[in-house]
Amino acid sequence: GLWGALTALSPQDWEQRQEEDTLLIERILLLVRNVLHVPPDPTEEQGVDGDASVHDRVLWALHISGMDDLLKFLASAQVEQQWALHVLEIISLMFRDQSPEELAALGQGTAGAERGEDTRELETLRQRELAEKRARALQRPSRHSRFGGSYVLQGVKSIGDRDVVFHKGLHNV
């Protein structure tokens, strides 16, 4: 079944793949394509508003079975290019009931919400940083002189006949 196809698709066994494995993979892809290709029947699908359509339930079953991961693998693996058209057709049929405008709006809505949340978070961090900076500024004395002064020590001779000149505060003397 499907798991046999999945094990046949493992990249390390690509060269050992048997002809029947290749046929099985192709048959599974064609089956998925044919199931998704069935047009909706409005008379059969008279449900309550908000109910999932038959197409949506098939897509959910494909997701639960792991078929979507298999399709992603087939679409991205370099050695599996022979299945590209099948995968493209299946993906096209998966989005059959969706309009490009709706899909784009959904993507922008999610990205916009995330972007708005990121902006709020950054603004909160910025306000906190400014508050911390103001608090540090208030803790510092308003004026600080690092110049300790120069003093002449009378009665203490330096080298020669001059008095000692000391360039630090008197508390260190």
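I count a residue as exposed when its relative accessible area is over 50%, and as buried when it is under 20%. I keep to that cut-off throughout these entries on a predicted model.

**Entry: overview**

I started with the whole chain. I found six helices and two strands. Along the sequence they follow the pattern α-α-α-α-α-α-β-β. I then looked up burial. Of the 173 residues, 18% count as buried.

**Entry: helix H2**

I took H2 next, which covers residues 19-37. I checked its length. At 1.5 Å a residue, its 19 residues should span 27 Å, and the end C-alpha atoms are 27 Å apart, so the two agree.

Which residues of H2 are buried? I listed Thr22, Ile25, Ile28, Leu29, Val32 and Leu36. Looking down the axis of H2, I see these buried residues fall within an arc of 125°, so they line one face of the helix. I noted the general rule beside this: an α-helix has 3.6 residues a turn, so residues three or four places apart point the same way.

Then I turned to the other side of H2. Glu19, Glu20, Arg27 and Leu31 are exposed there.

**Entry: helix H5**

I repeated the check on H5, residues 84-94. Its buried residues are His86, Val87, Ile90, Leu93 and Met94. Down the axis of H5 they fall within an arc of 125°, so they too line one face of their helix. On the other side of H5, I find Leu85, Leu88 and Ser92 exposed.

**Entry: the largest nonpolar core**

I looked up the largest nonpolar core, which has 16 residues. Which of its members touch the most others? They are Leu29, Leu36, Met67, Leu71 and Ile90. I then asked where the core residues come from. H2, H3 (54-65), H4 (67-76) and H5 each supply at least two. H2 gives the largest share, five residues.

Leu29 and Leu36 are among the buried residues of H2. Ile90 is one of the buried residues of H5.

**Entry: a nonpolar surface patch**

Last, I went to the surface. Ile91, Phe95, Leu103 and Leu106 form a nonpolar patch there. Together they have about 350 Å² of accessible area.

Leu103 lies in helix H6, residues 100-139. Is Leu103 buried, exposed or partly exposed? Its relative accessible area is 34%.

Methods
Residues are numbered from 1 along each chain as its sequence is written. This is a predicted model: local features need pLDDT of at least 70, side-chain atom pairs count only at pLDDT 80 or more; totals for chains, interfaces and linings use all residues. Side-chain values use heavy atoms; hydrogens and water are left out. Helices (H or I, at least four residues) and strands (E, at least two) are DSSP runs, numbered from the N terminus. The expected span of a helix is 1.5 Å times one less than its number of residues. Buried means under 20% relative accessible area, exposed over 50%, partly exposed in between (1.4 Å probe, protein chains only). The arc is that of the directions from the helix axis to the C-beta atoms. Patches are made of residues with over 30% relative accessible area and no salt bridge: like charges are joined within 9 Å, nonpolar side chains (Val, Leu, Ile, Met, Phe, Trp, Tyr) within 5 Å. Accessible areas come from the Shrake-Rupley method with a 1.4 Å probe; for residues, only the protein chains shown count as cover. A salt bridge is a side-chain nitrogen of Lys or Arg within 4 Å of a carboxyl oxygen of Asp or Glu. A nonpolar core is a set of buried Ala, Val, Leu, Ile, Met, Phe, Trp, Tyr and Cys residues joined through side-chain atoms within 4.5 Å.
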